[in-house]
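Hi everyone, thanks for having me.

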Amino acid sequence: MSQTFDAVEQQTRLEERATAALALAKRLGADACEVGASVDQGIGVGVRLGETESIELSRDQGIGVTVYVGQRKGSASTSDESDASIRAAVEKAVSIARYTGEDAAAGLADAAEMATALPDLDLHHPWALSTDEAVELALRCEAAGRDCEGITNSEGANLSSSEVVSVYANSHGFLGSKRGTRHSLSCLLIAGSGDHMQRDHDYTTARRADALESPETIGRRAAERTLKRLGGECPKTGRFPVLFSPEMARSLVGNLLSSIAGGALYRESSFLCDRLGDTLFPEWFSLGERPQERGGLASSAFDGDGVATRDNVFIDQGRLASYMLSAYSARRLGLSTTGNAGGARNLRIQAPTTPLDALMRQMGTGVLVTEMMGQGLNPVTGDYSRGAAGFWVENGEISHPVEEFTVAGNLESLFSGLVGVGDDIDRRSSTQTGSWLIDSMTIAGQ
Amino acid sequence: MTVVQSNSFEQASAQLLAPGGLDMASLETGLSHAMGAGIDYADLFFQRTWHEMWVLEDGEVKDASYSIDGGVGVRSLSGEKTGFAYSNQINPEALVETGRTACAIARSGERHQPAKIQPVTAATRYAGIDPLSGLSAEEKIAMLKQADRVARAADPAVVQVSASLTGVHEVVLVCATDGTLATDVRPLVRLNVSVIVARDGKRERGSAGGGGRYAMSRLRDEGVAEHYARDAVRQALVNLKAVDAPAGQMPIVLGNGWPGILLHEAVGHGLEGDFNRKGSSSFAGRLGEQVASRGVTVVDDATLTDCRGSLSVDDEGTPGQCTPLIEDGILTGYMQDKLNARLMGMQPTGNARRESYAHVTMPRMTNTCMLAGNDDPGEIVASVKRGIYAVSFGGGQVDITSGKFVFSASEAYLIEDGKITAPVKGATLIGNGPEAMSRVSMIGNDMALDTGIGICGKEGQGVPVGVGQPTLKLDEITVGGTAS
């Protein structure tokens, strides 16, 4: 990169800032406090129709402080890390805590829960890449896609590479630091013309540059995905089995996780309140996290409270085995933290998998959903209704593309109606799953 | 409001330039760094924001936060190319560094001389105030506690109330090599109430909120906390009785105000200049063609007084304006920033927006509205034999290339034999933008703006927007329910 960025030096600087902010908060009257600070630097290049379109250099930084005065809480943050600005933020947080109400659950996580082992999880792999080289890779990617017959236009290809250093410290004496990298290449192409245009994209992302797929692979796959969508029809309305592609199945895992997150539970805004121990999925299905996996896209040895992360199992043989809790939400629910302040990390499914073609044969006639639009989930009831696009499957074979329809049901019946998981596991995300076959949902189309 | 900008320059200069030792001469120097060989336009965008949020849960304001952000973004354009860099330091060194980085987008070519900087004259669309300072902390907390009391008193089924009060004070200064110098002080406040109700083993939610570009004290003076609390409870109780929504194609009547999210998704994004320049929008190359039913007139209006999406000047310093997009069904305009306007041979329309100094400018909506028609809202509902009447929505999304869009109803009812009957569960509606707009068959005489709650996302950047429309009938749209 053309910008200089010494991650070790940045980490030392942030650790000093965080430690100083904690000391200042104590002096200004905080009984307990916590500080998060981060800096990230990156480059993003965009090319379109064979030409450079944009070059962006980014550098974001910020420091946030939360103070507790008795059981009252105040937070403030600033993007300016000067001593004066940090002091102003700490003063503001302390002054806010004079006004907020008493909260019996407020405060740091218990000192005994703090992570003590902070292993290097192999997350930091900077890419020594010049702007010209970045442009060259993006150009190769787009060109491979545009060379495919039928591609009529392009929204371009983008390459980005960033380094992040973050520090979390609290007045228990916990200080945790992380250095990580993320590199991505994506391509968005258009086929058809006038009223009959379609677009689609493909991408690769990894912590190590050498783990990225080749630019040509991404460009060609983006083209294939786009071309397959041409000539989409609106399917007929009715109840059919639905096969969700790995990317779409990932969003269903996301819906599950947001429904077992502590915040949704103590606010009574989840359909999974008071359901711990209930069977939600078939018994052959389990779902857990591997937060300390080496090189994992979401790996961390400690959570947003400084609590040690652990291999939680959320769904154990179909049963809801654990909620996803931070120290605060756990106290609100009378439970113990699960080390999930900031969410779950590196979700993995444990289930027998089936080749995709066998899943389609099992489905017989139904819809393969490869894209969804809109939010469409009522988290309080689990009612689910989203716009979709994909392919009509007839007798186990893809028949034609379909679009402008919705898939609807209730998440609870969707989960219990899971009849198979594909072996086409998508490893580009911290949530890794194959396709999901659901026995029956309502398709609204013609 | 039609007061010419007066004191915003002094404020902007004092808050953005003076602390880092910058003056007018340093702006010209900064532009010269960004205006390297082959660069045909460059701009500097200085911004500082103060953001405050108070959150009530369980009857107490237990959480409050405050943040300060600021910096300068520098952009250098060369033909279709954009170089961009930013810094959260505002000082002469940062201008040199970011300017040199941004202009590296072009390696060679003519060196253009920046035009002499002239202040832009623009009418102000809101008062240039700090909206956070009008009320004390105690008064802000009292407003949220009142929302809590009113909601809990409204019905015994209410089991959870959360309310939030947010305010943003934003000061910007933009100067550009085309001679533009503009400043703006943008207040933005919002109060939101969400409730959970439980009865007979069923639970449901409701929410209501609003705000705009004015002082927090106005929220208090207008008693909105009480109003939104009651409305959130009303909506939740309606949803508690909801039956499964139907599935399939049918007529729909959209209520006035916030259901204008239809326009935002079905036509708004597709009429942004960048997508049309690139030919990736289903509306590209269709200026002058009929793209909606006769009688449909849609504008993007940044000039509405005190509205959430309004702008006195946009983020390139172009005065906010009311831009006709569709007039009597005919496509007449796109929303433009300077880059796309220049490349398409059109005029900028004051739609250049960015989430912050750390984000690059794009053509974006402000307040997107359909003008009133002549139909009586009651007669519109009465004209439907079997369909849906939808009055509130969660959010939406569009694929501008295929024209497919969705928006998700959060309060809707069946229409049976011309009468509004049972409430139905939330369902996603899906259609094709140009097709849906051609199926508008009745337009109410009751145009209304939304209450000030919209956030629009595009390429990862969020900006506040408004929508508005009269009661509307679409002859057919796909309703994504589960009932046969």
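Let me start with a question: why is E5(B) largely enclosed by the rest of the structure? The reason is that 17 of the 19 residues of E5(B) are buried, so this strand is largely enclosed by the rest of the structure. Buried here means that 20 or more other C-beta atoms lie within 10 Å of the residue's own; exposed means 12 or fewer, partly exposed is in between, and C-beta atoms are placed from the backbone. The names of helices (H or I, at least four residues) and strands (E, at least two) come from DSSP runs, numbered from the N terminus.

A quick word on the source: this is a predicted model, in which local features need pLDDT of at least 70 and side-chain atom pairs count only at pLDDT 80 or more, while totals for chains, interfaces and linings use all residues. Residues are numbered from 1 along each chain as its sequence is written, and chains are lettered from A and ligands numbered from 1 in the order in which they are written.

Back to our strand and its partners. Two strands pair if DSSP finds at least two bridges between them. E5(B) pairs with E1(B) in the antiparallel sense, over 15 bridges, and in that pairing Leu44(B) stands opposite Cys175(B). E5(B) also runs antiparallel to E6(B), joined by 17 bridges, with Leu165(B) opposite Leu191(B). In the hairpin of E5(B) and E6(B) there are three residues between the strands, and Gly179(B) takes a positive phi near 95°.

Now let's zoom out to the domains, whose bounds come from an automatic or database domain assignment. Chain B has domain 1 (8–240) and domain 2 (247–480), with 23 Å between their centres, taken over C-alpha atoms. Their contact takes 37 residues from domain 1 of chain B and 30 residues from domain 2 of chain B, where contact means C-beta atoms, placed from the backbone, within 7 Å. On the domain 1 side, E2(B) gives the most, with six residues.

Chain A is divided as well, into domain 1 (7–227) and domain 2 (231–446). Here the C-alpha centres lie 25 Å apart, and the contact takes 20 residues from domain 1 of chain A and 19 residues from domain 2 of chain A.

Next, please look at two helices of chain A. The axes of H3(A), residues 131–146, and H4(A), residues 215–228, come within 7 Å and cross at roughly 35°. Those axes are lines fitted to C-alpha atoms, for helices over the stretch in contact, with angles from 0 to 180 degrees between N-to-C directions.

Finally, how many residues of chain A are in contact with chain B? There are 58, and they touch 62 residues of chain B. E2(A) provides the largest share of the chain A side, ten residues. That side divides into 13 nonpolar, 28 polar and 17 charged residues.

Methods: Two residues are in contact if their C-beta atoms, placed from the backbone, lie within 7 Å. Ala, Val, Leu, Ile, Met, Phe, Trp, Tyr, Cys and Pro count as nonpolar, Asp, Glu, Lys and Arg as charged, and the others, Gly among them, as polar.
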